Amino acid sequence: MREEMQDFAPPDGGPLQGLVASRIETYGGRYQVPPQSTAGSLYPQGDPELDLSRRRLQNYVPFAKGSGQARGLPPNRLRELEPEKRHGGHYGAVPPHSPKFKEVSKARALEVRLHTFSMFGMPRLPPEDRRHWEIGEDSHRGVVIEKSWKELVPGHKELRHQQEAVWELLTTELNYMQKLKIMTSLLAAGLLNLQRVGLLTEISAETLFGNIPSLIRVHRSFWEEVLGPTLEKTRASGQPLDPVSLKNGFLTFGERFQPYVQYCLQVKQTMAYAREQQNTNPLFQAFVQWCEKHKPSGRQQLGDLLIKPHQRITKYPLLLQAVLKRSPEAQAREALNAMIAAVESFLRYINKQVRQGEEQESLAAAAQRIGAYEVLESSSDEVEKNLRPFCTLDLMSPVLGIAPEHTRQLLLEGPARMKEGREGKLDVYLFLFSDMLLVTKPQRKADKAKVIRPPLSLEKLVCRPLRDPHSFLIIHLTEFQCVSSALTVHCPSAADRAQWLEKTQQAQV
């Protein structure tokens, strides 16, 4: 017995008949669409009049038809609200000039559209959208797989555990590919169709789904070039699934799965965006709930789907280790160890990129809190004009003397009182970065702190504790190892002083 795992495919294209035909006729099949179609009308502006003698369902992708309450909904519910009911109903009485009227109208229009999708499927998007979002591109070629490896490999009981482990790798791959297609063929296709009629236009599909289409292409290629041929070889020969045949594909894992770097870098922002929109946008929340209730979604929530790629990419080493544990042959074990090493190397690369991305975000947030660079007082307007081009500090610039991939990090920050020479103590706010110490002064009427001393390079910095348990001395040297400046820092507590000295010493190592 084989299970067919297909994309959301359009029907074969038979003529409209029976109840479906009668409902399409009721909703617009023999109704001339007005030139000024609204978001609440059944068909978008510019749709041609349906001719029931020729029109087919080939332009629609069906989902769970008549699911939920939609099964018992009479046709007249899909028409525009009657004039005397437009401002009432279960939305409550809303005067036509009320600010809430547009919200109610859009909510009603969304309800009509989603019910139409449930009954007849989604209108087919333009080819360029379908290609970009990988919507139904492979619907004519369903991927077929048996229920068990035992249907392909008779006997070989001694390899039962190994074959089950390889089979799990294959079946979970197909299941995951279907989860990716749900995000494009159901969620993305539904959102784009709604946006074509003026609904949910404030939602960014690119921000919501990231580069999911690229992941779909990656896994389709991985199946067709690596996993699929292994399965076909076993089908043809009846011999056990050979893990060695997967070696070349997994050794190029890093090159094949490069789009995962971008996805993992953005997944935190993607999920935050989805969560924010669901919490603040009732129409988007209604759309997501409609998608989640449909059978093709597998009842998966949007957040669960968005985290699937991260979970899948980190699962490959575990799947391969399960095969290795159950493979007694030396050749198979050698191949599997090499495959695991290749995958883990790529995962370390992803983790490194994600960590650098987080460090960049943290640095950017710190840079936003630091404002003007005012370390000198000019003696005249002419002097000030000449100094101005050099009175900037770009914290996002690369750290001097090290590789570009190493990001400047904020290690410690906090308030203190500073004394220079015989001058009085000054309230300051210190920022300790991985390559410099920055002395700033908080601004009462502004969110940003003003830089009041040139950045002190940690390479030229010497810190010494003073007799006062709250204080320490900062000595900054020139490149000739001579004193350039000396600052006495008074911390709020002895524990704060200890932390500043410790963090500075660690950064200098």
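Me: Which residue takes a positive phi in the hairpin of β6 and β7?
Reply: That residue is G421, with a phi near 65°. Six residues lie between the two strands of this hairpin. Please bear in mind that the model is predicted.

Me: How many bridges pair β6 with β7, and in which sense?
Reply: Eight bridges join them, and the pairing is antiparallel. Strand β6 covers residues 410–419, while β7 covers residues 426–433.

Me: Which residue stands opposite L412 in β7?
Reply: L412 faces L432 there.

Me: What about β8, how does it pair with β7?
Reply: Strand β8, residues 436–441, also pairs with β7 in the antiparallel sense, over four bridges. A hairpin of two residues links β7 to β8.

Me: Let us turn to Y429. Where is it found?
Reply: Y429 is part of strand β7. Its bridge partner in β8 is T440.

Me: Which residues does Y429 touch, not counting those up to four places away in sequence?
Reply: Y429 touches R369, E413, G414, P415, L438, V439, T440 and P442. With E413 there is also a polar contact between the two side chains, at 2.7 Å.

Me: Why is Y429 classed as partly exposed?
Reply: Its relative accessible area is 21%, and buried means under 20%, so Y429 falls in the partly exposed class.

Me: How far is its C-alpha atom from that of M418?
Reply: The two C-alpha atoms are separated by 9.3 Å, and the residues are 11 apart along the chain.

Me: New topic: the largest nonpolar core. Which residues touch the most other members?
Reply: F209, F250 and F287 do, in a core of 83 residues. Helix α4, residues 160–195, gives the most to this core, namely 18 residues. Another core lies apart from it and has 20 residues, including M418, V428, L437 and F472.

Me: And which residues is F250 in contact with, leaving aside neighbours within four places?
Reply: F250 is in contact with L169, F222, L227, Y316, L320, M339, A342 and V343.

Me: One more topic, the cysteines. How many disulfides are there?
Reply: The count is zero, with a disulfide taken as a pair of cysteine sulfur atoms within 2.5 Å.

Me: Is C463 buried or exposed?
Reply: C463 is buried, because its relative accessible area of 17% is under 20%.

Me: What is the relative accessible area of C391?
Reply: For C391 the value is 31%, which means that C391 is partly exposed.

Notes:
Residues are numbered from 1 along each chain as its sequence is written. This is a predicted model: local features need pLDDT of at least 70, side-chain atom pairs count only at pLDDT 80 or more; totals for chains, interfaces and linings use all residues. Side-chain values use heavy atoms; hydrogens and water are left out. A nonpolar core is a set of buried Ala, Val, Leu, Ile, Met, Phe, Trp, Tyr and Cys residues joined through side-chain atoms within 4.5 Å. Buried means under 20% relative accessible area, exposed over 50%, partly exposed in between (1.4 Å probe, protein chains only). Contact means heavy atoms within 4.5 Å. A polar contact is a pair of N or O atoms within 3.5 Å; within protein, one must be able to donate a hydrogen and the other to accept it, and residues adjacent in sequence count only if both atoms are side-chain atoms. Two strands pair if DSSP finds at least two bridges between them.
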